[in-house]
Amino acid sequence: MAKVKHDIGIAKPRSSLNNKTGSWRTEARPKFLQKNCIGCKICLLICPEGCITGEAKNTYNCDYLYCKGCGECAVICPKKDIEMVKE
Amino acid sequence: MKQFIEGSKAVALAVKLARPGVISAYPITPQTHIVEELAQLIADGEMKAEFVNVESEHSAASVVLGSTATGVRSFTATSSQGFLLMIEVLFNIAGMRLPLVMTCANRAISAPLNIWNDQQDSMTARDSGWIQLYAENNQEVVDLHIQAYKIAENKEIMLPVMVCMDGFILTHGAEVVDIPDQTLVDKFLPAFELSDKLDINNPKTLGAFADPDHYTEARYAMQVANDNALKIIPQVADEFKKIFGRVSGGLIEGYRIEDAEQVIVAMGSVVGTIKDVVDELRAEGKKAGVLKIVTYRPFPAEVVYRALKDIPQIAVLEKAVSLGASGPLHIDLKSVLCGREGKISRVSGFVIGLGGRDITKNSIREVFDSLSKEEVSCKFVGLKLG
Amino acid sequence: MAEAFKTLFSPGHTACAGCGQAIAARLVVDTAGANTIIANNTGCLEVFSAKYPETAWGVPWIHSLFENAAAVASGIEAALKYLGLKDKINIIAQAGDGGTADIGLQALSGMWERGHDILYVCYDNEAYMNTGVQRSGLTPFEANTSTSPIGKILATGNLRPKKPMPEIAFAHGIPYVATASVGYPQDIQRKVKKALAIKGPKYIQIHVSCPLGWRHAPNLTLDVSKLAVETGLYPLIEYENGKLTQVRKLTKVKPVEEYLKSQGRFKHILNSPDAIKLIQAIADSNIEKYGLIEKKA
């Protein structure tokens with residue numbers, strides 16, 4: 001007999017990682033130039049997806065599996081070290 | 001220990017024996033004495049629990065939803081309008097499969113405003129997924145509250161349970177009641193363990209929304225849990241009898257129905273009055289009986305059918321009406337008995353005792369008398385028209 | 001791979017591109033840390049973060065109904081007290097502006113009045129975005145929403161100013177009330193940290209732009225939110241123990257027109273000097289009331 005699921009509505013922590021929202025991008029993606037980065041971390045802080053990682057200057061990048069291409073990181077980067085490029 | 005006490009106080013003592021950690025309530029007549037007593041027990045240090053005084057029944061139910069989800073046994077109680085204000089949360093608690101226990105001190109609903117007893121309030125939650133138990137007297141009130149936690153927390157069930165007791169008649173009526181010993185209750189009811197709870201060491205999400213791919217299965221699982229409850233509720237009653245030496249709870253209780261030709265089906269305190277009438281009729285040589293529905297949800301269809309299949313004349317007597325149709329219990333019973341083998345010739349429906357109208361022995365006799373006439377589906381007993 | 005993301009609000013959620021609420025929600029939970037339990041009202045945040053069988057949350061998180069997160073959180077707090085765990089765990093209740101200022105206000109008022117040790121966060125995107133941009137009690141004056149639309153006869157947007165939620169919170173005598181803006185991410189972190197160190201009920205209302213509802217490009221979320229602060233329309237303030245203790249001073253006050261023209265929801269008044277004047281008056285009144293400009297000696 002098929003198993004009855006009595007826990008519908010309960011989800012394992014951070015399981016949304018299974019959902020690759022990068023496919024939503026239609027126009028542009030951020031390119032992390034890693035040239036003039038000062039490591040201020042503001043891009044990481046404000047990414048709505050939380051898909052930017054990096055530890056020190058010129059190491060920041062984003063995971064295109066999740067990036068929806070909103071472009072906020074490129075707008076906020078004080079050194080213009082992130083640019084939006086066509087998909 | 002036997003005590004001569006008010007029904008509400010008996011509820012409070014029964015709840016105390018179940019050792020809940022959080023109680024939340026908003027006052028409404030006739031539920032008030034229950035929660036006042038619990039607040040006093042806590043204030044006197046006789047009970048260790050957090051009592052949260054809230055600003056509405058909606059929040060009372062939400063508080064105990066939150067505390068149960070954190071893994072702490074909890075309790076709330078309400079009546080009437082409070083019940084209706086709570087109902088959005090009640091459906092949610094059942095859907096989240098949280099094994100909460102509450103008391104519904106049954107009272108009429110507005111308009112017109114009326115604080116007295118009938119069962120129209122809890123009837124509105126019959127489709128909610130809550131298990132509903134209806135008590136006949138205050139001993140049963142005590143026993144059902146203790147059994148309720150054990151039923152709710154059973155891993156095959158995991159549904160909330162409400163114990164329904166007639167407002168004033170039971171809540172404010174004093175009777176001799178045996179309050180069980182704590183040691184026996186502890187033996188009967190183990191400590192509450194919730195596997196899917198709010199726990200920082202195992203951080204789960206509770207209450208994620210389900211799209212059309214999953215929602216049907218969530219509701220199906222609740223239906224399966226209700227089916228499981230039909231098997232488990234009698235087992236809990238058996239275990240209760242073993243430990244406490246008393247028959248209490250279960251799905252139904254038949255009184256002198258074995259050879260009966262006329263049986264009234266009813267729930268709650270009115271059953272006591274019907275039993276008295278049955279005894280009188282039996283003394284007069286009439287084959288009368290009464291079938292008490294203890295567990296109204298899940299509806300014990302097969303058990304009810306087996307109990308009634310050879311009874312020619314059946315009446316459903318209820319303190320509720322599904323306006324525009326007939327009494328809810330009558331509708332349920334019709335669907336169970338319709339087209340089945342047996343000697344049943346009629347299943348009449350009677351609405352009685354709304355808004356606290358006294359139910360006299362005479363009015364019950366009238367119902368028995370009218371059973372030999374044609375079938376009625378929604379007859380209001382004792383109407384004062386014109 | 002997943003471990004590369006050091007956040008308790010994981011990628012893979014389904015917020016719109018550029019969602020201000022997603023940014024603020026991450027800042028809040030990551031500042032609070034893993035020893036946190038969250039109760040979330042129904043709304044955008046709940047829907048885009050917890051779609052069975054997936055969830056973005058890395059902390060214990062519960063959603064019950066639209067209006068009861070404050071009461072559910074009160075129950076969680078009572079349970080933790082009973083278990084003796086209260087001092088080790090932060091409790092956050094959170095909701096959008098409709099869930100907070102409209103349908104959830106009664107439960108929230110109860111939570112404040114009872115003094116529960118809970119941080120309540122309102123993500124204020126100024127309308128019911130989840131259901132399609134309907135007007136809420138926190139929709140600003142003149143905003144064009146789907147239930148305060150610009151019509152052929154009735155050519156004004158929302159007719160009422162925002163409900164003064166921070167003042168309503170303040171009037172409950174709770175120890176900490178603050179406003180914040182997604183335009184100032186570090187300020188959000190600071191305020192959440194500060195709030196969680198205070199015992200008792202706390203309220204933080206974060207202005208979060210919604211590109212879809214406010215009608216601006218998704219890459220301008222922070223800039224637009226910032227403009228609300230820089231014009232005086234969304235003052236960033238802190239009340240502590242019954243006193244206004246801090247405000248974000250404005251070095252150069254921008255005219256409200258700059259904020260209004262950055263979004264489609266105010267397009268209908270851009271050629272109406274009278275309407276703009278009325279909105280400028282709201283900003284001027286905020287500047288005066290909260291002392292947003294440093295007074296020269």
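**Reading backbone, helix and contacts**

Modeller: Gladly! Let's begin with C:N241, which sits in the loop between strand 7 (237-240) and strand 8 (243-247) of chain C. Please keep in mind that this is a predicted model.

Colleague: What is the phi of C:N241?

Modeller: Here is the general idea: most residues other than glycine have a negative phi, and most peptide bonds are trans. C:N241 has a positive phi, near 45 degrees, although it is a residue other than glycine.

Colleague: And is C:N241 buried or exposed?

Modeller: C:N241 is exposed, as 11 other C-beta atoms lie within 10 Å. C:E126 counts as buried because 28 other C-beta atoms lie within 10 Å, and the cut-off for buried is 20 or more.

Colleague: Which peptide bonds are cis?

Modeller: Two to look at. In chain B, the bond from B:A111 to B:P112 is cis, with omega near -5 degrees. B:P112 belongs to the loop between strand 5 (101-106) and helix 5 (120-123) of chain B. In chain C, the bond from C:Y52 to C:P53 is cis too, with omega near 5 degrees, and C:P53 lies in the loop between helix 2 (44-49) and strand 2 (61-63) of that chain.

Colleague: Now a helix, please. How should I read helix 3 of chain C?

Modeller: Helix 3 of chain C covers residues 69-83, and its 15 residues reach 21 Å from first C-alpha to last, close to the 21 Å expected. Of those 15 residues, 13 are buried, so helix 3 of chain C is largely enclosed by the rest of the structure. After the helix comes C:G84, with a positive phi near 75 degrees.

Colleague: On to the chain contacts. How many residues of chain B are in contact with chain C?

Modeller: In general, the size of an interface is often given as the accessible area lost when the parts come together. Here we count residues instead: 36 of chain B are in contact with 36 of chain C. On the chain B side, the largest share, nine residues, comes from helix 3 of chain B. By class, that side has 17 nonpolar, 13 polar and six charged residues. There is strand pairing as well: strand 9 of chain B and strand 2 of chain C run parallel and are joined by two bridges. One pair to find on screen is B:L206 with its bridge partner C:I62.

Colleague: What about chain C and chain A?

Modeller: There, 32 residues of chain C are in contact with 29 residues of chain A. Helix 1 (20-32) and helix 9 (221-230) of chain C each supply at least two residues of the chain C side. That side is made up of 19 nonpolar, 10 polar and three charged residues.

Colleague: Lastly, which domains does chain B have?

Modeller: The domain assignment gives domain 1 (2-244) and domain 2 (252-380) of chain B.

Key:
Residues numbered from 1 in each chain as written. Chains lettered and ligands numbered in written order. Predicted model: local features only at pLDDT ≥ 70, side-chain atom pairs only at ≥ 80, totals over all residues. Helix = DSSP H or I, 4+ residues; strand = E, 2+ residues; numbered from the N terminus. Buried ≥ 20, exposed ≤ 12 C-beta atoms within 10 Å, placed from the backbone. Contact = placed C-beta atoms within 7 Å. Nonpolar A, V, L, I, M, F, W, Y, C, P; charged D, E, K, R; others polar. Domains from an automatic or database assignment. Expected span 1.5 Å × (residues − 1). Pairing = 2+ DSSP bridges.
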